[in-house]
Amino acid sequence: MMKALVTFAIYVTPFLVLGVVGRCYLRKRMEDVDLSNVREQAGAQNRKRRVSFFGSLRDD
């Protein structure tokens, strides 16, 4: 039983570590990006409009 748990831990730990490191990296890299910032960069052509997303209407 203990051998199975050790094998499972060895198998799962690298994925958990990569996930945590990736999340921290992306959170740090994207901390100053938000939707209003993206809209400013898009310019004057980016106006509110009704669009369909998987069959439901939403404001963009």
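Visitor: Where in the protein is confidence lowest, and where is it highest?
Guide: This is a predicted model. Confidence is lowest in strand β2, residues 56–59, with a mean of 60. It is highest in α1, where the mean is 94.

Visitor: And what is the mean pLDDT of the protein?
Guide: The mean is 81, and 70% of the residues reach 70 or more.

Visitor: Which pattern does the protein follow along the sequence?
Guide: The order is α-α-β-β, that is, two helices and two strands.

Visitor: Back to α1. How far apart are its end C-alpha atoms?
Guide: They are 40 Å apart. That agrees with expectation, because 28 residues at 1.5 Å a residue should span 40 Å.

Visitor: Where is the kink in α1?
Guide: At Val 12, shortly before the proline Pro 14. The kink is about 30°.

Visitor: How many residues of α1 are buried?
Guide: Zero of its 28 residues, so by the cut-off of under 20% relative accessible area for buried, α1 is hardly covered. Across the protein, buried residues make up 2% of the 60 residues.

Visitor: Which residues form the nonpolar patch on the surface?
Guide: Met 1, Met 2, Leu 5, Val 6 and Ile 10. Together they have about 600 Å² of accessible area. Met 1 sits in the segment before α1, which covers 2–29.

Visitor: Is Met 1 buried or exposed?
Guide: Exposed, because its relative accessibility is 80% and the cut-off for exposed is over 50%.

Visitor: Changing topic, how many salt bridges are there?
Guide: One. Lys 28 and Glu 31 meet through their side chains, at 3.8 Å from N to O. Side chains of opposite charge can pair when their charged atoms come close.

Visitor: Are those two residues, Lys 28 and Glu 31, buried or exposed?
Guide: Lys 28 counts as exposed because its relative accessible area is 59%. Glu 31 is exposed as well, with a relative accessible area of 57%.

Terms used. Residues are numbered from 1 along each chain as its sequence is written. Side-chain values use heavy atoms; hydrogens and water are left out. Patches are made of residues with over 30% relative accessible area and no salt bridge: like charges are joined within 9 Å, nonpolar side chains (Val, Leu, Ile, Met, Phe, Trp, Tyr) within 5 Å. Accessible areas come from the Shrake-Rupley method with a 1.4 Å probe; for residues, only the protein chains shown count as cover. A salt bridge is a side-chain nitrogen of Lys or Arg within 4 Å of a carboxyl oxygen of Asp or Glu. Helices (H or I, at least four residues) and strands (E, at least two) are DSSP runs, numbered from the N terminus. Buried means under 20% relative accessible area, exposed over 50%, partly exposed in between (1.4 Å probe, protein chains only). The expected span of a helix is 1.5 Å times one less than its number of residues. The bend at a residue is the angle between axes fitted to the seven residues ending there and the seven starting there. pLDDT is the predictor's confidence in each residue, from 0 to 100.
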